[in-house]
Amino acid sequence: MNFEQAWLDYKGKAVSTEVGEIKFICADVQDELIRNSVKELQAAVKAMTGKEPVLQADSFESKAEQQIESISLVIKEGVKAEGYRLLEKAGQIIVEASDSRGILYGTFALIRLIQAGETLRGLHITKEPAMPLRMLNHWDNMDGSIERGYSGESFFFENNEILVNDRTVTYARLASSVGINAVVINNVNVKDSATYLITDRYFDQLKAMSEIFAGYGIKLYLSLNYAAPVELNELDSADPLSEEVRAWWKKRMEIVFGAVPNLGGFLIKADSEGRPGPFTYGRTHADGANMLAEAAEPYGGLIIWRCFVYNCKQDWRDRKTDRARSGYDNFIGLDGTFRDNVILQIKNGPMDFQVREPVHPLFGGLKKTNQMLEVQIAQEYTGQQRHICYLIPMFRQVLKYRTYVQESNDTVEDIVSGRTFGQKNCGMAAVANTGNDENWTGHDMAAANLYGFGRLAFEPDLTAEAIAKEWIRVTYGVNKKAEEILLNMLMNSWPAYEKYTSPLGIGWMVNPSVHYGPNVDGYEYDRWGTYHRADHLGIGVDRSRVGTGYALLYNEPNASAYDDRERCPEELLLFFHHIPYTWKLKTGKTVIQHIYDTHFEGVETVDEMAAGFEKLKGILPDKVFERVMKRLSHQKEHAREWRDQVNSYFYRKSGIPDEKGREIW
């Protein structure tokens with residue numbers, strides 16, 4: 001299948017005459033990373049100017065200071081690992097770094113500046129990555145399907161075989177260009193053929209893929225089946241305290257790490273949603289994770305253990321059992337018991353990637369354990385890449401959230417970057433949104449989430465707006481009208497989606513299983529613990545001290561604020577409290593009127609987005625315009641369906657009419 005180059009399509013992007021004068025690239029090519037840096041620069045300059053600069057080993061001294069004639073790639077101490085410095089001196093651009101990864105990231109940064117139309121004169125920039133691990137988690141299955149995939153089929157797997165081809169290289173380039181340094185290629189729900197990824201059935205293909213990744217500074221990771229010894233029919237137990245099981249894993253790790261160079265380690269989902277784990281044997285998550293970590297440690301391997309663990313057989317009649325508590329309750333008592341090469345991967349919120357959730361209380365709860373933030377760019381609950389929903393503003397809010405675990409350096413960003421507790425094994429991961437569609441992400445605008453996640457993980461002080469502007473320029477060139485319209489669409493998309501779907505922190509009003517489209521009671525009487533508890537008087541889940549007690553899991557002053565309906569942030573009010581429809585919000589509106597108004601407002605915003613985008617016909621490539629216009633047409637229709645179903649449901653539930661007299665069925 002054909003595929004595009006996304007933001008790495010360099011043709012026609014340069015707007016500066018400075019680029020046309022670049023004749024030489026000076027580099028001592030010591031490894032594949034620097035070789036790929038040179039190739040990227042040559043390809044970019046040639047695509048932009050028609051002239052490919054020549055590689056030479058010696059440094060170049062320009063004699064024409066009015067022109068920029070060369071780019072030098074220089075390994076030099078002074079910048080921390082993976083960081084880079086960009087300088088312009090007398091007609092020469094210098095990319096400095098203390099390691100080859102830094103050279104590669106600096107190279108891509110330089111190309112971004114050129115694509116975005118920035119001048120290279122007087123260039124003096126130093127950047128160092130905030131997060132040690134900047135990871136993409138792919139939920140790809142080996143039959144070629146993708147769990148929660150909305151961009152076609154897998155480009156890693158097909159018919160239970162691993163694909164290694166030109167698309168693998170382009171994927172590695174795209175990921176590396178925004179600073180991604182780790183990739184998990186298979187679904188966390190490991191079953192069938194994927195269990196055999198740690199056997200010689202797949203070592204040749206994995207080795208080939210890992211070598212391509214290595215050339216772009218990316219470590220290969222695999223999702224692991226905790227019960228592999230049993231499911232591979234080699235043992236009758238996976239008990240983590242069994243000496244036989246421990247010996248099996250030590251031997252298996254020796255084999256896998258020996259066969260697959262550049263393997264970073266493993267991601268594990270255990271004891272959740274039917275996946276096997278140590279609970280089967282009466283053991284803890286620490287027992288299971290530490291067994292694997294001990295076996296992987298000699299090879300520098302990391303074990304990333306997901307905290308998405310909950311009882312998915314809940315009785316909806318039970319108002320005390322609270323799924324939101326489960327991750328905290330399962331792991332807080334194990335703080336300090338995990339080995340140093342174990343990282344707990346924690347979702348941004350306590351439920352499951354809803355359009356609005358509080359930050360997970362394990363951030364600020366755990367103090368002696370490596371932690372990693374998990375977000376989702378696949379838009380499972382935020383429009384499935386049929387709706388525009390730019391998620392970087394949400395992720396940035398999570399990163400800047402104060403946990404009050406200590407007096408300073410207490411944000412989620414501080415914790416997962418290692419500043420809070422001095423940890424090295426930490427970072428940020430995203431559930432990926434790619435597939436084998438021609439444009440990689442199904443919806444062209446969804447590429448902003450893929451691009452933005454990498455940029456945010458590398459440089460979290462960038463604003464969501466700055467990242468969006470940068471993505472627009474490097475993808476579609478420098479055009480004031482296109483930038484204004486596309487930026488407006490992106491920045492308004494998350495608020496709009498929240499308005500026409502989920503009021504005041506209540507999520508889950510979707511069709512079960514597929515998680516798409518309005519169904520207010522879809523999950524209301526099920527086993528999954530995902531309730532809105534609406535009755536004729538009000539709506540919301542009581543998670544206060546007299547309810548499930550979830551609000552009290554946070555450090556002060558957050559706990560007291562969440563516990564008090566008068567002080568609770570209103571965007572989360574119904575997540576924490578059951579509130580009467582007649583309750584007055586700070587705007588002076590009642591809860592029910594807020595529901596009506598926001599659902600109408602969300603639809604109006606989508607209409608405005610579509611009307612604005614129509615003005616880009618002839619400015620954006622025809623293929624892009626037609627693809628996005630088709631999805632916007634769907635979004636307009638679907639937003640109305642959300643509005644009308646949600647408003648009608650609560651009108652019928654409450655019996656309270658819309659003050660503005662609009663049509664509600």
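In the charge count used here, Lys and Arg are positive and Asp and Glu are negative, while His and the chain ends are left out. On that basis, this predicted model carries 77 positive and 92 negative side chains, and the centres of the two sets lie 2 Å apart.

**Overall fold**
- The chain is built with 17 helices and 18 strands.
- Its radius of gyration is 26 Å, close to the 26 Å that the globule rule gives for 665 residues, so the chain is as compact as a globular protein of that length.

**Burial, surface and contacts**
- Of the 665 residues in the chain, 63% are buried.
- Taking contacts between residues at least 6 apart in sequence, 72% join residues at least 24 apart.

**A closer look at Y84**
- You will find Y84 in strand 4, which covers residues 84-89.
- Y84 has a relative accessibility of 4%, and because buried means under 20%, Y84 counts as buried.
- Leaving aside residues up to four places away in sequence, Y84 touches a set of residues that includes V79, E96, A97, Y105, R112, I125 and F458.
- K127 is also among the residues that Y84 touches; the two are 43 residues apart in sequence, yet 5.6 Å apart in space from C-alpha to C-alpha.

How values were computed. Residues numbered from 1 in each chain as written. Predicted model: local features only at pLDDT ≥ 70, side-chain atom pairs only at ≥ 80, totals over all residues. Heavy atoms only, no water. Helix = DSSP H or I, 4+ residues; strand = E, 2+ residues; numbered from the N terminus. Rg over C-alpha atoms; globule rule 2.2 N^0.38 Å. Buried < 20%, exposed > 50% of the residue type's maximum accessible area, 1.4 Å probe, protein only. Contact = heavy atoms within 4.5 Å. Charge placed at Lys NZ, Arg CZ, Asp CG, Glu CD.
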